[in-house]
Amino acid sequence: MRAVAARVTRAAVRVDGAVVGEITEPGLLVLLGVHRDDPPEAAGVMARKLHELRILSGERSCAEAGAPLLVVSQFTLYGDTRKGRRPSWSAAARPEHAQPLVEAVVVALRERGATVATGVFGALMAVESVNDGPFTVLVEV
């Protein structure tokens, strides 16, 4: 499992022009990709890492600051561009494997007390964010 976590002052995701998820205060925008071999246990580990990641102002985490997260599924994080000009998606999980794991990360974050907004799995989404810093890291499980 792989995530790009960006510290933001606000972020939103739209589907067909309608906002389906947003955070309106400082927090994290998380683009989340699932590898084809990721086990179910990876979801809880990823949720803990994201919730405790100390990249907010003052080196605080979402857990410490009570900051929200916007989680957006993104299979393209497993695009392989080492050969040719067209990415290979063979490492990305198929939707029937990925969707339950993305949902499990969201559930695990909420069980930890996090405020979590989401995109819509598999939808064509427009993601807007105002990066803070910018401060963006890759998180892997």
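Predicted model: local features only at pLDDT ≥ 70, side-chain atom pairs only at ≥ 80, totals over all residues.
The structure holds eight salt bridges. Side chains of opposite charge can pair when their charged atoms come close.

One of the salt bridges joins Glu 140 to Arg 2, with 2.9 Å from N to O. This pair spans distant parts of the chain. Glu 140 belongs to strand 6 (residues 125-140) and Arg 2 to strand 1, 138 residues apart. Glu 140 has a relative accessible area of 39%, so it counts as partly exposed. Arg 2 is also partly exposed, at 22%.

Another salt bridge forms between Glu 52 and Arg 112, whose closest N and O atoms are 2.4 Å apart. Here too, distant parts of the chain are linked. Glu 52 sits in helix 1, and Arg 112 lies in the loop between helix 3 and strand 5, 60 residues apart. Glu 52 is partly exposed at 38% relative accessibility. Arg 112 is partly exposed at 34%.

Arg 94 and Glu 96 also meet through their side chains in a salt bridge, at 3.3 Å from N to O. Arg 94 is exposed, with 58% relative accessibility. Glu 96 is exposed as well, at 56%. Shared partners join the salt bridges of Arg 48, Glu 52 and Arg 112 into one network.

His 51 is found in helix 1. Its relative accessible area is 6%, so His 51 is buried. Leaving aside residues up to four places away in sequence, His 51 touches Ser 61, Cys 62, Ala 63, Leu 109, Arg 112 and Ala 114.

Helix 3 comprises 17 residues. From first C-alpha to last, helix 3 reaches 24 Å, close to the 24 Å expected at 1.5 Å a residue. Its buried residues are Ala 98, Leu 101, Val 102, Val 105, Val 106, Ala 108 and Leu 109. They cover an arc of only 165 degrees around the axis, so they lie on the same side of helix 3. An α-helix has 3.6 residues a turn, so residues three or four places apart point the same way. Glu 96 and Glu 111 are exposed on the other side of helix 3. The cover over the buried residues of helix 3 includes strand 3, helix 1, strand 4 and strand 5 (116-118). Gly 113 follows helix 3 and has a positive phi, near 95 degrees.

The largest nonpolar core has 30 residues. Leu 32, Leu 50, Val 105 and Leu 109 have the most contacts inside this core. Two or more residues each come from strand 1 (2-15), strand 3 (27-33), helix 1 (41-52), strand 4 (69-73) and helix 3 (95-111). Helix 3 gives the largest share, seven residues. Beyond residues up to four places away in sequence, Leu 32 touches Met 1, Arg 2, Ala 3, Met 46, Val 71, Val 72, Ser 73, Gln 74, Leu 77, Val 102 and Val 105. A second, separate core has 13 residues, including Ala 11, Leu 31, Val 72 and Leu 77.

The structure holds one aromatic pair. The ring centres of Phe 75 and Trp 89 are 5.2 Å apart and the planes are at 70 degrees, so the pair is edge-to-face. Phe 75 and Trp 89 both lie in the loop between strand 4 and helix 3, so the pair ties together parts that are 14 residues apart in sequence. Phe 75 is partly exposed, at 46% relative accessibility. Trp 89 is partly exposed, at 37%.

Technical notes. Residues numbered from 1 in each chain as written. Heavy atoms only, no water. Core = buried A, V, L, I, M, F, W, Y, C linked by side-chain atoms within 4.5 Å. Buried < 20%, exposed > 50% of the residue type's maximum accessible area, 1.4 Å probe, protein only. Helix = DSSP H or I, 4+ residues; strand = E, 2+ residues; numbered from the N terminus. Contact = heavy atoms within 4.5 Å. Phe/Tyr/Trp six-rings, centres within 6.5 Å; stacked < 30°, edge-to-face > 60°. Expected span 1.5 Å × (residues − 1). Arc of directions from axis to C-beta. Salt bridge = Lys/Arg side-chain N within 4 Å of Asp/Glu carboxyl O.
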